[in-house]
Amino acid sequence: MSERRSYKSQAFGPGYKELELTVTVVTTLRGLAELSALVITSITFDKPVYKTGDTITAVVAYTGSGFTLAAVATALGQTGMLNGTFTVLPDWTPSDSGNRPWFAVSDNGIAAVFTAVA
Amino acid sequence: MSTFTISGALNGQTATQTASFTVQVPALVGAYPAPAGGSPAAFETQIAGRQLGVVNRYEAFDDPSWPSAADQALMAQGRLIHYCWADRLKAGGNATWTDIAAGKHDAQILAKARQLAPFAKSVLLGFDNEMDGHVRLAVPGNTVAQFAPAFRRIHSVAAAAIGGASWCWIPSGNNPANQAAMYPGDDVVDWIGVDPYDETLAKGSPLATYEPFLNWLSGQSFGKGKRVGIFETGVDSNQPDAAIAAWIEQVPAAVAELGYGLWDWFNSTGSLGNTAIIPGSRAAAAFAAAAAQMGP
């Protein structure tokens with residue numbers, strides 16, 4: 001994605017001619033890495049066996065939600081670049097064979113935590 | 001065993017993964033309560049030392065007398081009744097699986113369903129338990145291939161009228177080759193049960209007695225996530241009292257370890273063997289102690 005912007009500057013003062021300066025900055029945003037597929041790498045539970053009424057905590061580890069974005073700006077023949085990372089969280093749908101309601105607790109981009117009542 | 005499924009959607013792509021976890025539900029404690037006075041109350045007083053969670057009954061296909069007033073009172077007090085709804089007819093003969101599957105007994109099925117309907121939530125309904133054994137298969141018109149269609153026919157006719165009952169499929173556990181072919185389908189089964197005995201104590205422990213069926217079941221494509229129960233079990237009362245007691249003492253741990261949701265003692269001196277626990281015996285004390293450690 002590119003964006004072109006022009007900035008016009010005017011300076012006035014005694015004995016000076018009017019000076020008009022136009023600087024064009026071209027900024028290009030590009031992802032440095034290809035978008036990778038969402039991959040669920042593991043599901044772990046906090047206990048091997050639950051009793052009725054226990055809280056079940058499931059941790060879903062995954063990859064594919066992190067992206068790096070580079071902003072490249074060009075102006076006056078010079079180029080500058082700045083990288084930034086960001087995370088897009090997946091939309092999760094948890095369920096189980098016992099039809100328990102599952103609730104999302106947290107998601108940090110590499111692990112999502114869900115709970116239910118046994 | 002429960003299965004957790006997680007699906008994620010990101011950037012137009014989806015990923016799904018599953019994993020299993022176990023919720024250990026305290027096992028129900030039940031019995032076929034003859035002959036300790038012949039009543040559940042006597043068994044509870046003399047053997048179990050507590051109220052049973054489940055009482056077993058074995059009823060004829062067309063007998064209108066069940067659920068009896070006594071059974072209704074048991075259910076009103078919080079017990080479940082496990083009815084083994086047999087294909088035998090009250091006047092003799094059988095409602096064969098072939099005939100049931102063909103719809104020839106639909107009226108009787110619907111009538112029984114309507115009778116059970118008011119008590120549905122207290123009913124564990126099995127049809128011809130131990131269908132895989134030679135006794136059931138000796139009936140002309142009963143074949144391995146016809147059992148599942150018969151079970152499904154009963155369910156299709158009765159389920160709407162008796163909504164809320166739990167449907168039980170209970171083979172003997174002794175005929176793996178027949179069992180798989182006789183499973184009626186996950187859509188019509190709530191409980192999968194088995195009747196494992198250690199008559200002579202040759203198997204050595206409840207764990208050794210109860211584990212083989214689960215091993216078999218885990219290798220099948222069906223039954224995943226179903227509750228599993230021991231709907232009959234026992235040790236021959238001719239075995240030494242101390243040995244029976246020692247065996248029963250191991251039951252709570254075995255049932256919990258294996259994840260069975262029901263443990264039901266066949267307390268009978270009948271023609272199928274004598275597994276009755278003698279009131280006042282060490283075995284009776286062990287039973288009460290075991291029952292106290294288990295669920296409702």
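Biologist: How many residue pairs are in polar contact between chain A and chain B? And what makes a pair count as a polar contact?

Modeller: The count is seven residue pairs, both residues being at pLDDT 80 or more. A polar contact is a pair of N or O atoms within 3.5 Å; within protein, one must be able to donate a hydrogen and the other to accept it, and residues adjacent in sequence count only if both atoms are side-chain atoms. Remember that this is a predicted model: local features need pLDDT of at least 70, side-chain atom pairs count only at pLDDT 80 or more, and totals for chains, interfaces and linings use all residues. Side-chain values use heavy atoms, with hydrogens and water left out; residues are numbered from 1 along each chain as its sequence is written, while chains are lettered from A and ligands numbered from 1 in the order in which they are written.

Biologist: Which strands of chain A each supply at least two residues of the side that touches chain B?

Modeller: Those are β3, β4 (49–51), β5 (55–63) and β8 (91–96) of chain A. β8(A) gives the most, with six residues. Strands are DSSP runs of E with at least two residues, helices are runs of H or I with at least four, and both are numbered from the N terminus.

Biologist: Why is B:D128 called buried? And what about A:K47, A:R100 and A:D96?

Modeller: Buried means under 20% relative accessible area, exposed means over 50%, and partly exposed is in between (1.4 Å probe, protein chains only). B:D128 has 0% relative accessibility, so it counts as buried. A:K47 has 36%, so it is partly exposed. A:R100 and A:D96 are both buried. In chain A, buried residues make up 25% of the 118 residues.

Biologist: What is the area buried between chain A and chain B?

Modeller: About 2200 Å², with 65% of it from carbon and sulfur atoms. A:L38, A:I40 and A:I43 lose the most on the chain A side, together 23% of what that side buries. Buried area is the accessible area (1.4 Å probe) that two parts lose on being put together, summed over both. The contact (heavy atoms within 4.5 Å) takes 30 residues from chain A and 24 residues from chain B.

Biologist: What makes β4(A) and β2(B) a pair?

Modeller: Two strands pair if DSSP finds at least two bridges between them. β4(A) and β2 (residues 13–24) of chain B have three bridges, in the parallel sense, so they pass. A:K51, for instance, stands opposite B:Q24. The open sheet they belong to runs β4(A)-β2(B)-β1(B)-β8(A), with mixed pairing. Its edge strands are β4 and β8 of chain A, each pairing on one side only.

Biologist: What about β9(A) and β10(A): parallel or antiparallel?

Modeller: Antiparallel, over four bridges. A:S106 has A:V113 as its bridge partner, and A:D107 stands opposite A:A112. The two strands form a hairpin with three residues between them, and A:G109 in the turn has a positive phi of about 95°.

Biologist: Why is β9(A) said to lie largely in the open?

Modeller: Of its five residues, the number buried is zero, so β9(A) lies largely in the open.

Biologist: Which secondary structure elements does chain A have?

Modeller: Chain A has zero helices and 10 strands. In chain B, helix α1 (residues 40–48) has buried residues including B:F43 and B:I47.
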